[in-house]
Amino acid sequence: ELVDPTTAIDSIRLESVMWKHESGLYLLAAPKRLEHAEMISAATVASALEVLKQMFDYVLVDGGHHVTEASIVAWEHSDRIFYPVAQSVTSVRGAQRFLDLWSRLKLSGPELSFLVNRFDPASVFDLDEIQAAIKHPLLLTIGRDEAGLTRAQLAAKSIWEVESELEIRASFDRLVNIVCGIPAEAAAGDGFLKKVRSLIHLGER
């Protein structure tokens, strides 16, 4: 619905194609068909992001696994970019290639941060080795809890509403605080985190 270049993208047009969750979170989903996705130009992405930033306090973009002109445009319109890396040689090599591209693009606006996803403290590939390989500090780690995440997906609930590991919930809490620019010391206390979750995680403007 947003592919037509002859029609300007405004808040009314965007809201008509977004799905609203009962919590207040809005989702702008990818096209169902690959051929439709290929029709979305970088200019359309730029226009949509400009309007979304006017509509919402926080806009999160899933950049996917492949670099395209549209994804680079999304980076240019971002304040922060989070790159998840796993404890594997394949993942770290991908991060190294990304950093090479990043240095050549010379983007001055967004802040780039790396985090370790599905972190396993017993892995032979430890955090020091990852940092040494990518020559970049790691922002935080997100624990491995496949069962909890699967329960959340199947129930269409957040990770805080299902039985899950405390560490992975704490990891997401820390990430929320970073996105919102809240210092760690100010975020102490369960009452504050509940407020952050209700305002940010659940999507209130």
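A polar contact is a pair of N or O atoms within 3.5 Å; within protein, one must be able to donate a hydrogen and the other to accept it, and residues adjacent in sequence count only if both atoms are side-chain atoms. The model is a predicted one, where local features need pLDDT of at least 70, side-chain atom pairs count only at pLDDT 80 or more, and totals for chains, interfaces and linings use all residues. Residues are numbered from 1 along each chain as its sequence is written, and side-chain values use heavy atoms, leaving out hydrogens and water.

**Serine 164**
- The side chain of serine 164 makes a polar contact with the side chain of arginine 169, at 3.2 Å.
- Serine 164 sits in the loop between α7 (146-155) and α8 (166-180); helices (H or I, at least four residues) and strands (E, at least two) are DSSP runs, numbered from the N terminus.
- Serine 164 counts as buried because its relative accessibility is 13% (buried means under 20% relative accessible area, exposed over 50%, partly exposed in between, with a 1.4 Å probe and protein chains only).

**Strands β3 and β4**
- Strands β3 (residues 80-85) and β4 (residues 111-119) run parallel and are joined by six bridges; two strands pair if DSSP finds at least two bridges between them.
- Proline 84 stands opposite leucine 115 in β4.

**Strands β4 and β5**
- β4 also runs parallel to strand β5 (residues 138-143), with four bridges joining them.
- Phenylalanine 119 stands opposite glycine 143 in β5.
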